[in-house]
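Reader: I have a structure open and want to go through its side-chain contacts. Can you take me through them?
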Amino acid sequence: MKWWTRVALNYAKTESTRQQLSIARANQTLLRYYNCKLEKLNISIRDCFYQFNFDEGTNHFITTTKKRGFWVDSYLWILNFFLSGTDSLAWVGVGNMHVLSIEQIKIILQVHFGLPLYNKVQNLNESYCKKALNNLLDIGAGCGSVTTNFVPFFQNIYTTEVSYYMAQRLRQQNFICIETANLDYFINQNQFFDTIVCFNVLDRCEKPVSLLQQIKQLLQPVDTELGTPGGCLILSIVLPLKAYWENGTQKLQPQEQIKLSNLTFEEAVNSFVNNILEPNGFRVRFFSKVPYLSEGDSNADYYILPNAIFLLQPVQ
């Protein structure tokens, strides 16, 4: 065997081993972001808990998403003097995030709709044989990396974004995007949705309670004659809560405050359900805990926050 062949083979083996170790470390690191202290949850929430785990979709995000280098971070630092953090990320073309994999989304949707959702194929670029649900609205969809995982299930996907530059990125991916901080456009159109997604927006908007009320108006009503369950809200929020909203380069406190018992993740979950969701007319049907992942930079491979996932149904 030629010396350069041996070098190439050894390099390939080393890279394979390094990747396996990286996956194992990620699995171990993320474990606590899936686990929840159930004994500290209210019984009604505990009964809705579903244990997610580190899966292929999450692994794909970690292993394929490139972290930002020093020069990109330096460029972002300069842009932040003139643009909001979100606009800066969009301008540079970064800001990828991960909340739920396709398989995890499928599990949540089946809890609500209880039907075969799609026929799985190997390549996401191929056509799916069946899309059982009609309309999805993704609020604050960012660069679209999270929205993309919902594509297999819905015939029509609408998005909203406050950031002009993020909205441009969404349109480049052929998503319909309305630049707005509220949902008046859809309410005025008398439009309804099978599912509304609100991932990590309530803690980054000026009027989170008003947003919840508007979401409730847009969910497809229950049809008792046809036996359809009506629309659902899939909501995620980082807990314990640290809320602010961006106004240009400023980070301001929300006009409508979400007040929670915020010492631990479980206390924040109990408080969020009791003080925010239930008083605003939502019933918890499903609850889980997952890591909220964002792409890394020159300091870290990726960033992780503890994230609560709720499947919610409006109280009729």
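Author: Start with the surface: W77, I78, F81 and F82 make up a nonpolar patch there, and together they have about 540 Å² of accessible area. Keep in mind that this is a predicted model.

Reader: Where does W77 sit?
Author: W77 belongs to helix α4, which covers residues 70–79.

Reader: And is W77 buried or exposed?
Author: W77 counts as exposed because its relative accessibility is 59%, and the cut-off for exposed is over 50%.

Reader: Switching to charges. How many salt bridges are there?
Author: The count is six salt bridges. One of them joins D73 to R68, with 3.0 Å between the closest N and O atoms.

Reader: What is the relative accessible area of D73, and what of R68?
Author: D73 has a relative accessible area of 16%, so it is buried. R68 is also at 16% relative accessibility and therefore counts as buried. The cut-off for buried is under 20%.

Reader: What does E179 pair with?
Author: E179 forms a salt bridge with R171, and their closest N and O atoms are 3.1 Å apart. E179 counts as partly exposed, because its relative accessibility is 37%. R171 is partly exposed too, with a relative accessible area of 33%.

Reader: And D203, what is its partner?
Author: That is R204, in a salt bridge where the closest N and O atoms of D203 and R204 are 3.8 Å apart. D203 counts as buried at 4% relative accessibility, whereas R204 is partly exposed at 36%.

Reader: Aromatics next. How many pairs?
Author: The count comes to 15 aromatic pairs. Among them are Y185 and F186, whose ring centres are 5.1 Å apart.

Reader: Why is that pair called edge-to-face?
Author: Because the ring planes of Y185 and F186 are at 90 degrees, and planes over 60 degrees apart count as edge-to-face.

Reader: Are those two residues buried or exposed?
Author: Y185 counts as partly exposed, with 39% relative accessibility. F186 is at 0% and counts as buried.

Reader: Which residues do ring pairs link into a cluster?
Author: F49, F272, F287 and F310 are linked that way.

Reader: Last one: what sits over the ring of F265?
Author: The charged end of K289 does, at 4.5 Å from the centre of the F265 ring.

Methods
Residues are numbered from 1 along each chain as its sequence is written. This is a predicted model: local features need pLDDT of at least 70, side-chain atom pairs count only at pLDDT 80 or more; totals for chains, interfaces and linings use all residues. Side-chain values use heavy atoms; hydrogens and water are left out. Patches are made of residues with over 30% relative accessible area and no salt bridge: like charges are joined within 9 Å, nonpolar side chains (Val, Leu, Ile, Met, Phe, Trp, Tyr) within 5 Å. Accessible areas come from the Shrake-Rupley method with a 1.4 Å probe; for residues, only the protein chains shown count as cover. A salt bridge is a side-chain nitrogen of Lys or Arg within 4 Å of a carboxyl oxygen of Asp or Glu. Helices (H or I, at least four residues) and strands (E, at least two) are DSSP runs, numbered from the N terminus. Buried means under 20% relative accessible area, exposed over 50%, partly exposed in between (1.4 Å probe, protein chains only). Rings of Phe, Tyr and Trp (its six-membered ring) pair if their centres lie within 6.5 Å; planes under 30 degrees apart count as stacked, over 60 as edge-to-face and the rest as tilted. A charge sits over a ring if NZ of Lys or CZ of Arg is within 6 Å of the ring centre and within 35 degrees of the ring normal.
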